[in-house]
Amino acid sequence: SMQGQLPGVNISMVDGKPSRSATINIRGNIQSLSGNVGALCLIDGVEGDITAMNPEDVESISVLKDASSAAVYGARGAFGVVLVTTKKAQEGRISVNYSGSFSMYQPTVRPQYETDGMVWYDNFMESYVESKHALPGGINNFFPWNQAWEDEYKKRYNDPDKSYDDWRVNNSGRYEYFSNTDWYDMFYRKATYGHQHNVSVSGGSEKASFSVSARHYTQEGIYRIGDEKFNQTNFRAKGSVKIRKWLTLENNTDFVYRTYHQPMGYDTSLTIPRLLEHQGFPMTKVTNPDGTWTAAAVVTGYAGMAEGTTYRDNFKYDMKNSTFLTGSFLDGQLVAKADFSILYNHSTRNDVINMDGYNIGPDNSAVYPTSSRMDRRDYENKYYSGNVYLTFAPKLWDNHSFSVIGGANIVNNRFRPPPM
C-alpha cells in the first residue's frame, strides 16, 4: 500500500468497488489517477492504470513532486508523478513461486433503517401533514393511502395475539400491506469475500534471463441477489538478452483482462439506497401471497436484480509491450538508451434494463418500467511512445562528479469514444 509510505502523498477511495481507481493527493493537488488531468502514473516508464496491476509484480514505488516532476515530464507532471517499477528477471536456477489469499470485506458504515412499519408510518404522517397541511393521497406514487387502510393497519399492529396476516385484499380487489420488511437487509449482505492466486516463474544466466507472472482475482459482490462478481486476470512476461558485452535488449509484455457484472435498478442514474428511500417502506412486502412481485419489489430494483434481467456488464482489455535497447560505451561513461512502447485498451459498458411485472391484486397486474432498453458503449485507446537519450558521466577525481543527459521523446495517443 502507498498510504503512509510516501511523504506528502495521501491515497483515498470513493467507495469499495474493486474496479474503482484511487484518488491521489500529492501535496494538495487532488486528482484522480485515472483522470485526464492529474498525477501522471508511469509503470516501467509507460503511462498505465495502477489499479489494474498485479500487486505481486511491484518492486518499488516512488513519487516526484513539485518542480522535479514538471522539470522531467513537463505539463503532464504538473500534478506530480507516480513511478512504479516492476520486478526484474533474476539470474540463477529456474524458480517457481505460488501465493494465494482469501479475504473478507465488510462495509465500514451500515445505515440504520427503520424496520418497524408503524414507527416509520407515524414519522411519515407527522412530516407530511406538517409540511402539506393535508392528508396524503398516497405514500409516494405506488403505495395508495386512505383512512380505511390506516385504521386496519393500527388494528392489526395493536392486536396482542398477532393473529392477522400482514396483507389483505380490499373491497376494490387490490392488495394492501401491513408488514415490517427490512429492505436494506434484503438487498445487502453483512460481508462478502474475495480470493486471488499468483504464480511466477523466473530464471536465467549472465547473458539471458526471464520472468513470467500470472494472477487471477475474484471478488463477490455485496448484494444478496443478482450474482454481482468482479474478475481480473493479469499476465506479465519480462526478458533480457545481452547481445554483446556492451549491448542489452529487454522486453516487457503485460496483459490485463477484467469483467464486472453489476446488478442494477431500473434507472442507472439512481443508486439502490435512493430507490429504497423512494419505495422501500417497511409496511410493504417483497412478494404477494401468490408469489408474484409487489410494486415495491419492482420499483426498488429488487425484482429485476433477483431475476437477473437488469444489470451492467463492464469489460476491460489492456495489452502493453515495451522494448528497450541499452548500449554502454567508454567503460560505462557513455550510455545510450532507446525504447518503444505500445498500449492498446478496449473497454465495453453494456447496460440492460428490462420490464418487470407485478400484481396490484389477485387479478390485476402491471409492468414497470414501461419499456426495455439496452445501451452498449465501446471505448478504444491506442498509445504509442518512443524515447532516445544519451548520458555522459566522465570519471573525475574523488568526491567529484559530472554528467550530461540529452534526449528526445515522442508520444501519440488516439482515443475513440462511443458514437453518440
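What covers the buried residues of H2? I went to the model with that in mind. The model is predicted: local features need pLDDT of at least 70, side-chain atom pairs count only at pLDDT 80 or more, and totals for chains, interfaces and linings use all residues. Residues are numbered from 1 along each chain as its sequence is written, and side-chain values use heavy atoms, without hydrogens and water.

**Entry: overview.** I looked up the secondary structure and found 7 helices and 22 strands. Helices (H or I, at least four residues) and strands (E, at least two) are DSSP runs, numbered from the N terminus. I then checked burial: 38% of the 420 residues count as buried. Buried means under 20% relative accessible area, exposed over 50%, and partly exposed in between, with a 1.4 Å probe and protein chains only.

**Entry: helix H2.** I took the helix length next. H2 has 16 residues and reaches 22 Å from its first C-alpha to its last, close to the expected 22 Å. The expected span is 1.5 Å times one less than the number of residues. I listed the buried residues in H2 as Gly117, Met118, Tyr121, Phe124 and Met125. They cover an arc of only 120° around the axis, so they lie on the same side of H2. That arc is taken from the directions from the helix axis to the C-beta atoms. On the face turned away from the buried side I found the exposed residues Glu130 and Ser131. My opening question is settled: the cover includes strand E9 (138-139) and H3.

**Entry: aromatic pairs.** I searched the whole structure and got 29 aromatic pairs. Rings of Phe, Tyr and Trp (its six-membered ring) pair if their centres lie within 6.5 Å; planes under 30 degrees apart count as stacked, over 60 as edge-to-face and the rest as tilted. I opened Tyr113 and Tyr184, which are stacked at 5.3 Å centre to centre, with 25° between the planes. Tyr113 is in the loop between strand E8 (92-105) and helix H2 (117-132), and Tyr184 is in helix H4 (residues 183-187), 71 residues apart. Tyr113 is partly exposed at 30% relative accessibility, while Tyr184 is buried at 9%.

I moved on to Tyr121 and Trp149. Their centres are 5.2 Å apart and their planes at 80°, so the pair is edge-to-face. It links H2 to H3 (residues 147-157), 28 residues apart.

**Entry: cluster.** I traced ring pairs through a cluster that includes Trp120, Tyr121, Phe124, Trp149 and Tyr157.

Technical notes. Contact = heavy atoms within 4.5 Å.
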